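Subject: Structure handover

Dear colleague,

Here is the structure I said I would pass on.

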Amino acid sequence: MVGGSSNKVDTVHETSIRVNTGSSSTMEIHKVCLPPNKTTFQSIKHNFSEIFFPDDPLHKFKNQKPFTKFLLGLQYFFPIFQWGSDYNLKLLKSDVISGLTIASLAIPQGISYAKLANLPPIIGLYSSFVPPLLYAILGSSRHLGVGPVSIASLVMGSMLREVVSPTAEPILYLKLAFTATFFAGVFQTSLGLLRLGFIIDFLSKPTLIGFTAGAAVIVSLQQLKGMLGIVHFTPKMQIVNVLSSVISTEKEWSWQTVVMGMSFLIFLLATRHISIKKPKLFWISAAAPLTSVILSTILVYVFRAHTSAISTIGHLPKGLNPPSANMLYFSGTHLAIAIKTGIVTGILALTEGVAVGRTFASLRNYQIDGNKEMIAIGVMNMAGSCTSCYVTTGSFSRSAVNFNAGAQTAVSNIVMAATVLITLLFLMPLFYYTPNVILAAIIITAVIGLINYQEAIKFWKVDKYDFMTCLVAFFGVLFLSVQMGLAIAVGVSVLKILMNVTRPTTVVLGNIPGTQIFQNVGRYGDAARVPSFFILAIESPICFANSTYLQERILRWVREEEERIVANKEQDMKTIILDLTAIDLDVSYNFAAVTAIDTNGLEAIVEIRKMLDKRSYKLVLVNPVGQVMEKLESSRTLELFGEKSLYLTVGEAIADMSKRLKIEI
């Protein structure tokens with residue numbers, strides 16, 4: 001049988017059939033027309049527009065007065081002007097409630113994720129103040145909760161730590177973190193302005209699922225330092241090194257820390273489970289981290305004489321974000337790692353932010369502009385790097401809480417930022433006795449949700465290659481490093497694209513008796529070959545990457561068909577039909593059309609025709625799409641084929657060729 005991607009020919013039906021083409025003598029043969037003539041400039045303009053402006057962002061400006069265009073421009077670049085004019089007290093009430101709710105999650109998360117990036121805890125709070133304010137002005141999502149995220153924090157911490165020690169050289173490490181954040185913002189903004197967002201699509205879903213699951217396991221294992229009270233812990237991120245460090249430092253374990261950590265971890269996981277089972281109780285898991293921080297801080301303070309073994313955060317400075325533009329590192333031996341870290345974390349932050357924004361936008365039936373989101377996230381990171389912030393983006397956990405709490409607009413981010421501001425100005429001394437073990441428990445609870453084994457099972461059932469990509473990313477992160485695991489997974493994804501391009505599927509078509517439907521003979525049991533005709537379809541553009549393969553594969557199809565005909569003593573093959581279309585005009589059958597062809601592809605078609613001609617076979621083409629037809633005409637390839645070598649449908653090709661060659665079908 002010939003499957004969707006199989007290249008083996010087997011006998012499917014008796015070939016003595018009759019194609020329902022009507023009366024051959026009266027059937028009208030349609031001409032394949034060229035598309036409307038375009039100048040070179042028009043063609044380039046059309047292609048450029050389709051690649052970079054598929055959403056036609058300027059359509060609202062057409063036929064508008066200058067002042068209206070000015071207002072539309074403000075709304076386009078600053079979405080706050082779009083929804084701000086209709087804002088009212090009812091919306092404000094919903095946004096205040098949701099803003100306060102996500103603030104209760106953002107404060108402990110900010111402190112925890114900063115430690116995950118090997119940064120001072122206060123940097124996490126700074127990063128939950130300035131970026132959300134900027135996003136509220138520039139962002140197009142109504143529900144995105146902005147702030148530090150676990151994956152970007154982990155990657156930044158692991159990449160920078162390989163070069164600079166955060167304990168031995170804390171100032172240099174902080175400079176590199178701010179510089180990486182700046183370059184992340186530059187990269188993100190550039191992608192948005194140049195409308196190159198498709199670059200982040202190379203991080204396929206299987207890649208991200210495997211990567212985030214592996215990162216979640218590594219992050220959780222790294223938190224054993226805090227959960228067990230270990231002082232001397234490995235800075236390496238590989239699973240073998242982490243587990244070895246845990247076992248070798250057994251004497252440093254603190255039973256007080258273990259008891260407190262496990263107690264609050266169970267509490268946090270229980271509240272998370274309740275909120276998953278009953279979404280209306282989302283506020284329970286949202287409030288649990290801050291509740292844990294408050295309760296653990298009180299316990300440590302009250303019993304401080306007996307809890308000296310439990311390490312605490314210590315002093316956190318009060319006040320607003322100090323300027324950090326003077327700390328940006330634009331020269332020196334470590335500039336390369338700052339740029340590299342910025343690009344990697346920038347891509348991850350964009351992928352998460354845009355994906356989360358689109359997810360919640362679809363639930364409320366509105367759209368967000370991916371390129372504008374990139375600009376918004378990029379600008380807030382560039383500004384953040386100058387105000388003591390590190391990489392931030394849209395957080396899934398914050399956004400989910402924000403959505404479930406009833407947020408209506410980006411004002412919820414402003415309310416959250418205002419709450420963080422109050423905390424920075426007045427409440428910082430209260431965190432002095434907050435135990436580090438609680439931050440570890442919060443991080444573990446947050447990253448557990450990143451292990452999406454259901455999707456991995458789905459990949460196994462649907463696409464084994466996607467499953468392999470997921471596993472490569474997962475084990476690459478576990479046993480090599482975070483960035484190596486990501487790089488290998490992206491490489492596997494790109495290899496899949498190359499395989500699809502360089503080895504496209506070709507299938508044999510047969511006629512479904514009594515119709516003019518021609519389908520894959522291996523997929524449709526009643527589709528039978530037409531005597532004297534061999535019909536092939538190509539499910540890919542023909543380009544330099546696959547032209548040689550297609551040439552060889554088509555000739556092999558012909559050889560195998562000859563052998564099959566001899567073995568079954570069937571009528572000799574006389575005409576080979578190469579179907580280049582996705583949709584037959586008489587009936588619809590779905591194949592991936594030859595949507596494009598380049599000079600290598602044209603040469604391959606000519607070579608195939610010459611080789612078949614030497615073997616006394618007639619090659620005809622069916623319904624090339626507009627772009628392919630233009631190139632066939634301009635290259636004079638059709639002239640080499642001679643008359644009656646191009647048809648609009650397979651049915652018309654069979655009917656006309658049967659009449660001309662006096663073939664009995």
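I start with the second largest cavity, whose lining is made up of I538, I542, S547, L550, Q551, I554, L578, G601, A604, I605 and I608. Two elements each give two or more residues to this lining, namely α22 and α23, the latter spanning 599–614. By class, 8 of the lining residues are nonpolar and 3 are polar, with no charged residue. The volume of this second largest cavity is about 40 Å³. Please keep in mind throughout that the model is predicted.

How many cavities of 30 Å³ or more are there in total? The count is 2. The largest cavity has a volume of about 70 Å³. It is lined by 12 residues, and those closest to its centre are V530, P531, S532, I565 and Q571. Which helix gives the most to that lining? It is α22, residues 547–568, which supplies 3 residues. Helix α22 is also one of the elements that give two or more residues to the lining of the second largest cavity. The class make-up of the largest cavity's lining is 5 nonpolar, 3 polar and 4 charged residues, whereas the lining of the second largest cavity has no charged residues.

On the domains: the assignment for the protein chain gives domain 1 as 81–496 and domain 2 as 504–661. The C-alpha centres of domain 1 and domain 2 are 54 Å apart.

Now the chain as a whole. The protein chain contains 26 helices and 8 strands. Of the 665 residues in the protein chain, 52% are buried, taking buried as under 20% relative accessible area. The accessible surface comes to about 30,900 Å², and carbon and sulfur atoms account for 63% of that surface.

Last, the contacts. Taking those between residues at least 6 apart in sequence, 79% join residues that are at least 24 apart.

Regards

Key. Residues are numbered from 1 along each chain as its sequence is written. This is a predicted model: local features need pLDDT of at least 70, side-chain atom pairs count only at pLDDT 80 or more; totals for chains, interfaces and linings use all residues. Side-chain values use heavy atoms; hydrogens and water are left out. Domain bounds come from an automatic or database domain assignment. On a 1 Å grid over the protein atoms alone, a cavity is a set of points where a 1.4 Å probe fits but cannot get out, and a pocket is an open set with protein on both sides within 12 Å along at least five of seven lines; lining residues have an atom within 4 Å of a point. Grid points are joined across faces, edges and corners, and a volume is the space filled by probe spheres set on the points. Helices (H or I, at least four residues) and strands (E, at least two) are DSSP runs, numbered from the N terminus. Ala, Val, Leu, Ile, Met, Phe, Trp, Tyr, Cys and Pro count as nonpolar, Asp, Glu, Lys and Arg as charged, and the others, Gly among them, as polar. Buried means under 20% relative accessible area, exposed over 50%, partly exposed in between (1.4 Å probe, protein chains only). Contact means heavy atoms within 4.5 Å. Accessible areas come from the Shrake-Rupley method with a 1.4 Å probe; for residues, only the protein chains shown count as cover.
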